[in-house]
Amino acid sequence: MVGAQLRETAQELAVLLWREHTVYRERSGGMVIRGEHVRRWISLAPAGGRDEILVRAGRILDGGTTAPARSEAVVPLSAGTGVLAAACRRLLADAAADAARPAPDRAASGRTRRPRRSRGSARRNGRGRHTGLGSWVIIVFVAGLIALFAYTSAVHG
């Protein structure tokens with residue numbers, strides 16, 4: 001029953017939110033409404049309560065993949081489509097504001113990149129790469145083969 005009611009609610013909500021939309025069922029049983037033209041998505045899924053649904057909103061990235069949800073809310077299903085649409089618009093606005101916010105500048109925040117150390121300085125400090133036992137076995141084996149070849153060449157000459 002919840003699945004059919006969720007599908008109907010998603011169809012009604014999609015019409016209220018966007019003229020152009022795609023509604024489909026997730027593997028987990030929830031419904032997704034995609035607005036490709038606004039590059040946003042809404043997900044409706046059953047929540048912990050019997051009459052509650054979890055509403056999540058996020059962005060659609062280049063190539064059509066979806067970014068993780070930026071915001072979410074639990075809304076009573078009995079509240080009606082208008083209340084649900086208002087909650088979705090609020091979540092979509094939050095997702096849009098997060099997308100518009102520029103990434104923090106590391107230099108402005110006081111964090112700077114540490115200069116990379118050269119391999120030589122790491123080795124001098126004893127924390128660099130080392131030759132493992134397997135590599136030493138191979139080196140000794142190859143050296144033995146070369147010595148055997150040199151010995152047989154010298155003897156049979």
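Where does Arg-39 lie? Arg-39 sits in the loop between strand 2 and strand 3. Please keep in mind as you read on that this is a predicted model.

Asp-62 counts as exposed, at 68% relative accessibility. The salt bridge count for the model comes to one.

Now let us turn to the interior. In general, nonpolar side chains tend to be buried together in soluble globular proteins. Here the largest nonpolar core has 23 residues, and the ones with the most contacts inside it are Leu-13, Ile-33, Ile-42, Leu-44 and Val-55. At least two residues of this core come from each of helix 1, strand 2, strand 3, strand 4, strand 5 and helix 2 (81-100). Helix 2 supplies the largest share of this core, six residues.

Ile-33 deserves a look of its own. Ile-33 is found in strand 2 and is buried, with a relative accessible area of 0%. Ile-33 and Gln-11 are 22 residues apart in sequence, and their C-alpha atoms are 8.3 Å apart in space.

Which residues does Leu-92 contact, leaving aside its neighbours within four places in sequence? They are Leu-17, Trp-18, Arg-40, Trp-41, Ile-42 and Ala-57. Leu-92 has its place in helix 2 and counts as buried, at 11% relative accessibility. The C-alpha atoms of Leu-92 and Trp-41 are separated by 8.1 Å, while the two residues are 51 residues apart along the chain.

## Thr-9 in helix 1

Is Thr-9 buried or exposed? Thr-9 is buried, with a relative accessible area of 12%. Its place is in helix 1 (residues 2-17), and the side chain of Thr-9 reaches the backbone oxygen of Gln-5 at 2.8 Å. Leaving aside its neighbours within four places in sequence, Thr-9 is in contact with Leu-77 and Leu-84.

## A patch on the surface

Ile-138, Phe-141, Val-142, Leu-145, Ile-146, Leu-148, Tyr-151 and Val-155 make a nonpolar surface patch of about 840 Å². One of them, Phe-141, has its place in helix 4 (residues 133-156). Phe-141 is exposed, with a relative accessible area of 55%.

## Accessibility side by side

| Residue | Relative accessible area | Class |
|---|---|---|
| Ile-33 | 0% | buried |
| Leu-92 | 11% | buried |
| Thr-9 | 12% | buried |
| Phe-141 | 55% | exposed |
| Asp-62 | 68% | exposed |

Methods:
Residues numbered from 1 in each chain as written. Predicted model: local features only at pLDDT ≥ 70, side-chain atom pairs only at ≥ 80, totals over all residues. Heavy atoms only, no water. Salt bridge = Lys/Arg side-chain N within 4 Å of Asp/Glu carboxyl O. Buried < 20%, exposed > 50% of the residue type's maximum accessible area, 1.4 Å probe, protein only. Patch = residues over 30% accessible without salt bridge, like charges linked within 9 Å, V, L, I, M, F, W, Y side chains within 5 Å. Areas by Shrake-Rupley, 256 points an atom, 1.4 Å probe, with all protein chains shown as cover. Helix = DSSP H or I, 4+ residues; strand = E, 2+ residues; numbered from the N terminus. Polar contact = N/O pair within 3.5 Å; in protein donor to acceptor, adjacent residues only side chain to side chain. Contact = heavy atoms within 4.5 Å. Core = buried A, V, L, I, M, F, W, Y, C linked by side-chain atoms within 4.5 Å.
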